[in-house]
Amino acid sequence: MPTFVYMTRCDGCGHCVDICPSDIMHIDKTYRRALNIEPNMCWECYSCVKACPQQAIDCRGYADFAPLGHSVRALREEKKGTISWKIKFRDGREKNFESPIRTTPWGSIKGPAEYAAPRPADFANQELAHEPDALNIEGGLPALRRNQLKQGVV
Amino acid sequence: MGLFGGTKTVHVDADILVIGGGMAGCGATYESRYWGRDLKIVCVEKANIERSGAVAQGLYAINCYMGMQWGENQPEDHVRYARNDLMGLVREDLGYDIARHVDGTVHKFEEWGLPMMRDPKTGRYQREGKWQIMIHGESYKPIVAEAARKAATEVYNRIMITHLLMDHKANRVSGAVGFNVRSGDFYVFRAKAVIVAAGGASHIFKPRAVGEGMGRTWYAPWSSASAYALPIEVGAKMTQMENRIVLTRFKDGYGPVGAYFLHLKTYTQNGYGEEYEKRWYEDTKALVGEYVDHHPVPTCLRNHALLKEVAAGRGPIRMVTKEAFQDPHKETVGWENFLGMTIGQAVVWASQNIDPKHTNPELTTSEPYVMGSHATCSGAWASGPEDYAPSEYQWGYNRMMTVDGLFGAGDTIGGTAHKFSSGSFTEGRIAAKAAVRYVMEKGREAPQVSEQEVRDLQKTIYQPLENYRVGRNEIVAGTVSPSYLLPIHGLQRLEKIMDEYVGGISTNYMTNGKLLSRGLELLAMLKEDMSHMGAEDLHQLQRVWELQHRLRASESVTHHTLFRQETRWPGYYYRGDFMKLDDQNWHCFTLSRYDRKTGEWAMEKAPVYHIID
Amino acid sequence: MLTNNPFATLTDFLPTFAMQAYLVLMALAVIAGTLFDIAHKGSARYFFENWRKSKRKSRQPIGGGELVSIAVKTAVVDVLASGEFCSLRRRLAHLLTMYGFVIYVVTTAIMVFSYPTPATPAPAILPQLWWLGGLMVLAGGYWFWFFIRVDVAAEGHSPFRVVRADLFILSLLASVTLGLVWAFVQARGGAGAGVLFWLYLIATTVLFGSVPWSKFAHMFFKPAAAFEKRVSKANGTRSNLPAPADKPERLGTLVKHARHY
């Protein structure tokens, strides 16, 4: 289902150009608004749909196998931490869904350098950052012994 | 472009260069900073790390979580599981290494804000299956990208890395080059250690849909095999490149079936409403012997039964959902499973009026993909953990390839099946700590970059723009030129060659030595044609280099498929000339090494080590 | 200079009605151009078909009174305050350019029609506003051209790359720039004022004459689109979008949308 852009909603802000993982959202030369230049490289990931501040981008299922008349639209509300979906079937049935997208404020992740620096001895062992605490188990990081591995049949 | 359309060269010196800002790349960036407080950590990404990689649209489950804190699984259990699914051939040392760390990664994800579903009875993460837990992962990638941005000295978006640079005095990587997809500027990265965390290979076999539908691949269309082409080109050894994966998924949309099978407890039937898998037990046993009795049934063997049933004329295969979907909670899970992971499947069903409450939807097998993090494990041959890896698997730093200073994580690394998103991020972390140690131990040694090589590469990288600009003068207009090919032309040729000769859908995944040899001939001609690619603009130039990477990976896949003279994974592909599994001769890894000077591929076997029992 | 009506001295070599006729002609060109564009593309038909579809599917039918109130909101928020823009700098640039253009055009018309000759000097405020309007257009317009234009800001093109979408902004900038330069040179009594005037006239003619091919008419289409968007939200169809989640804002805003390449 490749994306397309509504003429009356797009104001050419470029957020979709910035976000598209496939580099297929670009700017039309006549209208200076967005368009999908390569629908056959569109994964329907909806990154552009979600990123558009005007909700100007929608999807129409791939013509290879999706008949017309359907609609799957999303409203991602970052500040609320939600994404809402409205699915409309070709025959008019409708389904609505709402999911959380994050439980913590945006920008709130503690950067790795904000933790106490590892001690020199830590570099030589197998523990990664925040271990063994982050594993929340007794006995420290599990390990094998070399002689636990036996060469296979051949 | 610059003010007047020109481009410049940008030099970036880094201690650690992470190529690729997906799950593995973000993990590598994060961990590099933890261990290398004063190091210059640079992450470079072809798109925008906010949504790049295979997790762009989100995930609905984390498929690799032990649950050690609740005694649910131990790391060796996961190794046995992955080994079983891959018919015995995995790097158990690497797999154990990821499995022992991955729980910590998942706990950090939750801490960072990823909404985890919880089992209402036990309060633990809601299990989808033995290894899988369920999440509301629409923003999985933005959350992980935030962690990476907080760690990196600099994140470079929209820069496609086309080549690694080597220090020619030693077998050591010294950096990478590429171009900015927006400004066209040429970028030269110098680094003391490089972690390749790029994408595996989609679009090397012809997909089932060939129009707009080409975009609806199971694995992201922007995974252009850079994870393989970059190391292959500089002579790193690769392993198991023949181990391509074919997936049984919902028809056309390739939507995920995991939650359906495991959580909703659905099952499959043929077109007549019959259970069919057991029907093919003897047939499968004749091919693989006692492997057919393993539990759970390996993924490829389940594919095999489906393929046989369809070939016998009793398709289409359907998943029985009508029962499960009567439960409103399960219905919600079923739909949200797509919306959080593969929105396209919801679109397909909406467009065809398929409501799983009233219709049992069709399943199909996909075209083949080559990657390293799923029920498959193609990729670079890497050194294992120092504390227990056997000597054949260990040569210094964890996750370092056979090129000094060149590390890998995620789809890049071979032999580590079933790591998925959390395992890839974890592997990034593992590689990062090792890379930091490597940088510190190498001291002040700056990598040597050959100015001549950089200049030559610059010319090579931009050549397609020049080919188009000049060649365009020959024709009036249109896409057909006798002197240059557009990237889509090359891609379609590649996909057709691989499809017809290397076991794609049109041959029902069948190939043999003769077909493979002919495939190599045709790939060789395509390789020659690559110097005649024409790119109209920077976007097309990116497509050219994606094709170049895909082609290099395809050559590797074909050589490996030719080398392994058995059918190890029926249901993924078949060697018509060696139809049976042959543990006597082929219970081993295949390794290859490409010599770019001679264009030759050297193949060899490597031993497989198993955890006892 | 700032207090002189630059158009008054034109009557030295042009009949009074010439400039007035020219302004009327330019206004007609805009109207005709817009109508031609609508007819040729069938955009009015599309708009009204869409309107009818939305009305048919509406959950909460809209009464006349509510429609009027929506129209007022559209006019005040979306049109007068350029409220649809989410980015502050884009909104500012647009407000500058829009109001600058309005002030500039209105004062031009008043000066040409009501104070056409040196015998009828315009009150000083008029040329001052003319200059202010013109400078606002240049400030907003060049800011947009070099820094805000999405082709440059997101696509990485050189600011000097020109495509058809640039016809409006370029002809606008050319017209106003030449107009102010002409007025400046004329006030100094400099040679070349004559040539500059004719260049100014050509650029202005291109600006108003190219309406069928440029983005000029967006100033009429956009308010209609904004109105339709508000109605679609009010009648529950929301262009098939889901309703906003019934949850409070609590997670702050990620600071992003820095330059992405």
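This is a predicted model: local features need pLDDT of at least 70, side-chain atom pairs count only at pLDDT 80 or more; totals for chains, interfaces and linings use all residues.
B:Arg564 is buried, with a relative accessible area of 0%; buried means under 20% relative accessible area, exposed over 50%, and partly exposed in between (1.4 Å probe, protein chains only). Although eleven residues separate B:Arg564 from B:Arg575 in sequence, their C-alpha atoms are 8.9 Å apart in space.

## Chain C

Chain C has nine helices and zero strands, and its C-alpha atoms fill a box of roughly 65 × 45 × 35 Å along the principal axes. Of the 261 residues in chain C, 41% are buried.

Helix H2 (residues 43-57) of chain C contains C:Arg56, which is exposed, with a relative accessible area of 66%.

## Domains of chain A

The domain assignment of chain A, which is automatic or taken from a database, gives domain 1 (3-100) and domain 2 (112-148). The C-alpha centres of these two domains of chain A lie 43 Å apart.

## Conventions

Residues are numbered from 1 along each chain as its sequence is written, while chains are lettered from A and ligands numbered from 1 in the order in which they are written. Local features need pLDDT of at least 70 and side-chain atom pairs count only at pLDDT 80 or more, whereas totals for chains, interfaces and linings use all residues, and side-chain values use heavy atoms, with hydrogens and water left out.

Notes
Helices (H or I, at least four residues) and strands (E, at least two) are DSSP runs, numbered from the N terminus.
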